Amino acid sequence: MFCVGDYSTKTALNNVKCQFCHKEITQNSLYCAFCGQKQENTNIPLSTAEKIKIYTITVLLAPIGLYWFFKYYKSTSNDKRNTAYWVLGITIAVIVLTLYISADFYRGLSLYETSIPNLY
Ligand SMILES: [Zn+2]
């Protein structure tokens, strides 16, 4: 058995490219050694608290959650990408549910209005 695959994943994990000058830098460096730009570390998974915040906002203020979808769906971290797709799924579910409930509400309202004359 050869471990070529192992070797390549290891080097891929240890070196990332600067988001600004694209030179290779070590994965966890906060600043690029070449151009000095601050790196957004995309490999750190989201904390549970952060996920709860994102999902809560997604449910309560449906379309705003799409902000995190666009922010994370191209992320190199699986965790952030999963969060992005969950956010998308929840947003669609909430919008469909809202439309369904409001359609039902207006149907109920118009039924109520047509029944008013019967009261007099
Ligand atoms: Zn750089």
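Is Phe-70 buried or exposed, and how many other C-beta atoms lie within 10 Å? I will answer that in a moment, after a word on what we are looking at. This is a predicted model, in which local features need a pLDDT of at least 70 and side-chain atom pairs count only at pLDDT 80 or more, while totals for chains, interfaces and linings use all residues. Residues are numbered from 1 along each chain as its sequence is written.

On confidence, the protein chain averages a pLDDT of 80, and 81% of the residues score at least 70, where pLDDT is the predictor's confidence in each residue on a scale from 0 to 100. Where pLDDT is low, the predicted coordinates should not be read in detail.

As for the architecture, the protein chain has 4 helices and 2 strands, and along the sequence they follow the pattern α-β-β-α-α-α. Helices here are DSSP runs of H or I with at least four residues, strands are runs of E with at least two, and both are numbered from the N terminus. Among the contacts in the protein chain with a separation of 6 or more, 33% are between residues 24 or more positions apart.

Now back to the opening question: Phe-70 counts as exposed because 11 other C-beta atoms lie within 10 Å, and the rule is that a residue is buried if 20 or more other C-beta atoms lie within 10 Å of its own, exposed if 12 or fewer, and partly exposed in between, with the C-beta atoms placed from the backbone. Phe-70 lies in helix H3, and its C-alpha atom is separated by 9.9 Å from that of Val-87, 17 residues away along the chain.

By that same rule, buried residues make up 9% of the 120 residues in the protein chain. The largest nonpolar core has 6 residues, namely Ile-54, Trp-68, Phe-69, Tyr-72, Ala-84 and Val-87. Helix H3 (66-72) and helix H4 (78-115) each supply at least two residues of this core, and the largest share, 3 residues, comes from H3. Leaving out residues up to four places away in sequence, Trp-68 touches Ile-54, Thr-83, Ala-84 and Val-87.

Two threonines deserve a look here. Thr-83, in helix H4, counts as buried because it has 24 C-beta neighbours inside 10 Å. With the neighbours up to four places away again set aside, Thr-83 touches Leu-46, Lys-51, Ile-54, Trp-68 and Tyr-72. Thr-58, which sits in helix H2 (residues 48-60), is buried with 25 other C-beta atoms within 10 Å, and under that sequence cut-off its contacts are Gly-65, Val-87, Ile-90 and Thr-91. Thr-58 and Trp-86 are 28 residues apart in sequence, yet 9.7 Å apart in space, C-alpha to C-alpha.

Finally, a backbone detail: His-22, in the loop between strand E1 (15-17) and strand E2 (24-26), has a positive phi of about 65 degrees although it is not a glycine. His-22 is exposed, with 11 other C-beta atoms within 10 Å.

Definitions and conventions. Core = buried A, V, L, I, M, F, W, Y, C linked by C-beta atoms within 7 Å. Contact = placed C-beta atoms within 7 Å.
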